[in-house]
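Subject: A structure for you to explore

Hello,

Here is the structure I promised to pass on. Please open it next to this email, and then read on for what turned up in it.

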Amino acid sequence: ARFIVPAPANAAACVREVQGITSSWKHAPGLALSEVLATGLDMLPAPVVSAMWGSMLKGVDFCITNVPGPPFETYFAGSRVERMYAFAPPSGAAVNISLVTSANRAYVGIVVDSAAVSDSRELSTCIAEGFDEVFRLGHTDEKLRP
């Protein structure tokens, strides 16, 4: 889904607005086609898919993906998987952020187009400060739900 994300100065208000926008998209009729489209795209050569996807993201500042993983502990070759990160391919957006959840833990992978973002260190600082601000909301009495 593609939508404009508001940026109110108050973090709690921003979280509430984004929750409202994304919640309205969770049951959009077009989502039923996403599995069919993904299957069709898997049949095309990778360069064709990359070109199509990249053209759709031209002019998109950032792309955010939420990938729900298994809600339980997972194992690989007998060892417990301790971390799981997803990195979206740099496909036209200036910044791609992927959130993966697994066993009640969340992991974030960030891919930055250095041609579009000249100061990735500053971006990193801003993202970290933003996470800190949202985490602090979880420890206050301020309500995040509408």
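Let's begin at Ala77, which sits in the loop between β2 (75–76) and β3 (79–80). Strands here are DSSP runs of E with at least two residues, while helices are runs of H or I with at least four, and both are numbered from the N terminus. Ala77 is exposed, with 77% relative accessibility. On this scale, buried means under 20% relative accessible area, exposed means over 50%, and partly exposed is in between (1.4 Å probe, protein chains only). From Ala77 to Asp42 there are 35 residues in sequence and 28 Å in space, taken C-alpha to C-alpha.

Before going further, a word on the source: this is a predicted model, where local features need pLDDT of at least 70 and side-chain atom pairs count only at pLDDT 80 or more, while totals for chains, interfaces and linings use all residues. Residues are numbered from 1 along each chain as its sequence is written, and side-chain values use heavy atoms, leaving out hydrogens and water.

Now the overall view. The protein has four helices and five strands, and along the sequence they follow the pattern α-α-α-β-β-β-β-β-α. Its C-alpha trace spans about 50 × 45 × 35 Å along the principal axes. Of the 146 residues in the protein, 18% are buried.

Next, the aromatic rings. How many aromatic pairs does a search of the whole structure find? There are three. Rings of Phe, Tyr and Trp (its six-membered ring) pair if their centres lie within 6.5 Å; planes under 30 degrees apart count as stacked, over 60 as edge-to-face and the rest as tilted. Phe131 and Phe135 have ring centres 5.8 Å apart and planes at 25 degrees, so this pair is stacked. Both belong to helix α4 (residues 120–137), and because they are four residues apart there, about one helical turn separates them. Phe131 is partly exposed at 36% relative accessible area, whereas Phe135 is exposed at 52%. Elsewhere, Tyr85, Phe87 and Tyr107 form one aromatic cluster.

Finally, take another look at helix α4, because Glu122 is placed there too and is partly exposed, with 43% relative accessibility.

Enjoy exploring!

Best wishes
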